[in-house]
Amino acid sequence: MQNTLREDYAGTGVDLAQASYVAMTTLVQNSCSDSNDIIYQLMIPTLQTLEQTLDTAAMGLEKANHMQDLLCGLLQVILIKVGPMVEKPLAANIIQVIIRLFKQADKVTENGLIAFQGMVVGLGEAIDISE
């Protein structure tokens with residue numbers, strides 16, 4: 001996660017954040033079940049960073065959208081891997097973040113649906129959507 005925050009590559013034509021998120025996504029996808037506790041721990045900072053992107057004034061709309069795409073993809077694979085470990089209050093929070101993504105865009109977005117798909121596959125019937 002720390003590598004995604006580096007800015008010393010600015011102006012080089014390299015998108016280190018994108019490469020870092022793609023690497024983490026691939027690592028999570030191909031991890032063994034013994035790694036699930038570590039993957040679960042990755043979920044919270046991923047969600048926190050995703051929530052930060054909802055403040056587009058702070059980082060700009062284009063960068064926020066780009067980060068949301070990367071973070072939703074990572075969140076999808078995390079939820080598929082460790083969904084059964086996610087308790088209802090956290091699941092409800094994730095749903096609220098996804099709803100905020102949709103509201104921010106004034107439409108259902110692909111990145112939000114990608115994250116939601118991870119919830120459906122990972123949590124299954126444990127998802128409680130009351131809204």
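Trainee: Leaving aside its neighbours within four places in sequence, which residues is Asn111 in contact with?

Mentor: This is a predicted model, in which local features need pLDDT of at least 70 and side-chain atom pairs count only at pLDDT 80 or more, while totals for chains, interfaces and linings use all residues. Residues are numbered from 1 along each chain as its sequence is written, and side-chain values use heavy atoms, with hydrogens and water left out. Contact means heavy atoms within 4.5 Å. With neighbours within four places set aside, Asn111 is in contact with Asn65, Gln68, Asp69, Cys72 and Leu101.

Trainee: Is Asn111 buried or exposed?

Mentor: Asn111 is found in helix α6; helices (H or I, at least four residues) and strands (E, at least two) are DSSP runs, numbered from the N terminus. Buried means under 20% relative accessible area, exposed over 50% and partly exposed in between, with a 1.4 Å probe and protein chains only. Because its relative accessible area is 8%, Asn111 is buried.

Trainee: How far apart in space are Asn111 and Asn65?

Mentor: The two residues are 46 residues apart in sequence. C-alpha to C-alpha, the distance between Asn111 and Asn65 is 9.0 Å.

Trainee: What is the relative accessibility of Thr109?

Mentor: Thr109 is found in the loop between α5 and α6. Not counting residues up to four places away in sequence, Thr109 touches Leu101 and Phe102. Thr109 counts as buried because its relative accessibility is 12%.

Trainee: How is α5 oriented relative to α6?

Mentor: The axes of α5 and helix α6 (residues 110–123) come within 9 Å and cross at roughly 160°. Axes are lines fitted to C-alpha atoms, for helices over the stretch in contact, and angles run from 0 to 180 degrees between N-to-C directions. Angles under 35 degrees count as roughly parallel, over 145 as roughly antiparallel, 65 to 115 as roughly perpendicular and the rest as oblique. Relative to α6, α5 is therefore roughly antiparallel.

Trainee: How many charged residues are there in the contact of α5 with α6?

Mentor: From α5 come Ala91, Ile94, Ile95, Ile98, Leu101 and Phe102, and from α6 Asn111, Gly112, Leu113, Ala115, Phe116, Met119 and Leu123. Ala, Val, Leu, Ile, Met, Phe, Trp, Tyr, Cys and Pro count as nonpolar, Asp, Glu, Lys and Arg as charged, and the others, Gly among them, as polar. The contact of α5 with α6 has 11 nonpolar residues, two polar and, as for charged residues, no charged.

Trainee: How many charged residues does the contact of α2 with α5 have?

Mentor: The axes of α2 and α5 come within 11 Å and cross at roughly 30°, so α2 and α5 are roughly parallel to each other. Tyr40, Met43, Ile44, Leu47, Leu50 and Glu51 in α2 meet Leu90, Asn93, Ile94, Val97, Arg100 and Leu101 in α5. By class, the contact of α2 with α5 has nine nonpolar residues, one polar and, among the charged, two.

Trainee: Which side chains meet in a salt bridge, and at what N to O distance?

Mentor: A salt bridge is a side-chain nitrogen of Lys or Arg within 4 Å of a carboxyl oxygen of Asp or Glu. The structure holds one salt bridge, and it links distant parts of the chain, α2 (residues 36–52) and α5 (residues 88–105), with partners 49 residues apart. Glu51 is partly exposed at 28%, as is Arg100 at 39%. The side chains that meet are those of Glu51 and Arg100, N to O at 3.6 Å.
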